[in-house]
2 protein chains.
Amino acid sequence: MELFYSSDIDSSFLTLPKDESQHCIKVLRHRSGDEINVMDGCGSLMLCRILDASPSACRCAILSSEPGFGAHSYTLEMAVCPTKNISRYEWFVEKAVEMGVDRIVPLISSHSERRSVNPERLFKIALSAAKQSLKAGIPTIAECESITDYLNSSRPEGLDMIAYCDSSLDCSKRQSIRSLLASEAEESRPIRVLIGPEGDFSPQEVSLAFEKGWRPVELGASRLRTETAALCAVSAVYLRFMP
Amino acid sequence: MELFYSSDIDSSFLTLPKDESQHCIKVLRHRSGDEINVMDGCGSLMLCRILDASPSACRCAILSSEPGFGAHSYTLEMAVCPTKNISRYEWFVEKAVEMGVDRIVPLISSHSERRSVNPERLFKIALSAAKQSLKAGIPTIAECESITDYLNSSRPEGLDMIAYCDSSLDCSKRQSIRSLLASEAEESRPIRVLIGPEGDFSPQEVSLAFEKGWRPVELGASRLRTETAALCAVSAVYLRFMP
């Protein structure tokens, strides 16, 4: 199934953005009257009929709409420090979208070597992965935020977990993400996971997370790269809610 | 911890290969008398003293050896069809090694677009990932093999699973990989997972797998790319044996 994307929707009509219009009309040679599938990025898949086959602003009538197309049953926010090599972070975004994630927050730790990302580029990667995996929802890619600000902002009562490596910190309360998810995760309870940078969180950042009620978890015996740790956490949630 | 690799070992001495010698002596400027950590690729980590700091063939005495360094508790073989874009397959190899895998078999399906891989390059990626994740064992990278030959070859009594997408096949017996692992996986029982190419297995290949006792599994509701499906299966095993 070929999926197009538009956020330019008014009641029963929509317009594809320029690159999607070009792909639809110039590359795939759709004509006026053709039916195409368009996702709104918020979870709805719309069956549309092309009214004006413009290669710069293809105009369509919405025939029907299916909310929650390709949606997952849980709510997951991944707050992950960008990797020094940005392609590793982009890879994480792609794979997380394929499995299912609702929001990705690029966090800046005091140990972060990379302190910025290109949100438009990450959005494009997320959009492409959502199309590929037939999901009509694209996760929100948040602005970069410092860990301190992120932890200090208010939050609903969810299941908040922080994965860290530093063995000098108190690990006595730390359990595996698998066992914590098995005992406490529920579909109605939003899940957040915090993954640090290559140099791990600072002890102050871990302490602040504890103060704010984040639960320490470990991701098994292997020493995983940042992006692998992040995907391991997404997999753990994805598998937790698998039948 | 800096890890070097050598397979050129005789009783209590070893020689680093050329590229490792150069990195050790030229880049990291180690001298005779220095102690370094060397992995043998088969699971042992050896503490060594440099005897001859040659940048082309660094010679060392083995002071002690620790078997099973960074080993995982399960036995996992991943038989995965190479992706059209080889970098996606290389990415899978890297991530699978980080989590823990024992053997990777590049399988050729009748639907495969790519019918060969470069085993030396995959070995290098696996070696680098093993070093990075502090594992002294490197998985075997098998030669390319057709699915038919692979399925027809003998096997021990393990837990063999095939993940496929084709919904026209009988799916009534298919359960999720999570639930099958939960009920049947044991540390002493070797696990094998078969993952098809972009165009999925042919119905004949799936039927042959059933005949040979492979169990059909599904990897959740998301439509995953080949390499994501393969890593999802590795994660499922890794998480299954997490405390």
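Reader: What covers the buried residues of helix 5 of chain B?
Author: The cover includes helix 7 (226-240) of chain A. From chain B it includes strand 11 (159-163), strand 12 (175-176), strand 13 (191-195), strand 14 (215-218) and helix 7 (226-240). Contact means heavy atoms within 4.5 Å. Helices (H or I, at least four residues) and strands (E, at least two) are DSSP runs, numbered from the N terminus.

Reader: And which residues of helix 5 are the buried ones?
Author: In helix 5 (residues 177-184) of chain B they are Ile177(B), Ser179(B), Leu180(B) and Leu181(B). Buried means under 20% relative accessible area, exposed over 50%, partly exposed in between (1.4 Å probe, protein chains only).

Reader: What should I know about the model and the numbering?
Author: This is a predicted model: local features need pLDDT of at least 70, side-chain atom pairs count only at pLDDT 80 or more, and totals for chains, interfaces and linings use all residues. Residues are numbered from 1 along each chain as its sequence is written, chains are lettered from A and ligands numbered from 1 in the order in which they are written, and side-chain values use heavy atoms, with hydrogens and water left out.

Reader: What does Ser235(A) touch?
Author: Leaving aside neighbours within four places in sequence, Ser235(A) is in contact with Met99(A), Ser235(B) and Leu239(B). Ser235(A) sits in helix 7 of chain A. It is buried, at 1% relative accessible area.

Reader: How many residues does the contact take from each chain?
Author: 33 from chain B and 33 from chain A. The area buried between them is about 2800 Å², and carbon and sulfur atoms give 54% of that. Buried area is the accessible area (1.4 Å probe) that two parts lose on being put together, summed over both.

Reader: How many salt bridges across the interface?
Author: The rule finds 8. It asks for a side-chain nitrogen of Lys or Arg within 4 Å of a carboxyl oxygen of Asp or Glu. Elsewhere on the list of pairs, the side chains of Glu94(A) and Arg225(B) meet in a salt bridge, at 3.8 Å N to O.

Reader: Which residue lies over the face of Trp91(B)?
Author: Lys95(A), at 5.1 Å from the ring centre. The rule wants NZ of Lys or CZ of Arg within 6 Å of the ring centre and within 35 degrees of the ring normal. Arg174(A) lies over the face of Tyr164(A), at 4.7 Å.

Reader: How many aromatic pairs over all chains?
Author: The count is 11. One of them, Tyr150(B) with Trp214(B), is tilted, 6.0 Å centre to centre with 50 degrees between the planes. Rings of Phe, Tyr and Trp (its six-membered ring) pair if their centres lie within 6.5 Å; planes under 30 degrees apart count as stacked, over 60 as edge-to-face and the rest as tilted.

Reader: Are those two buried or exposed?
Author: Tyr150(B) is buried, at 3% relative accessibility. Trp214(B) is buried, at 3%.
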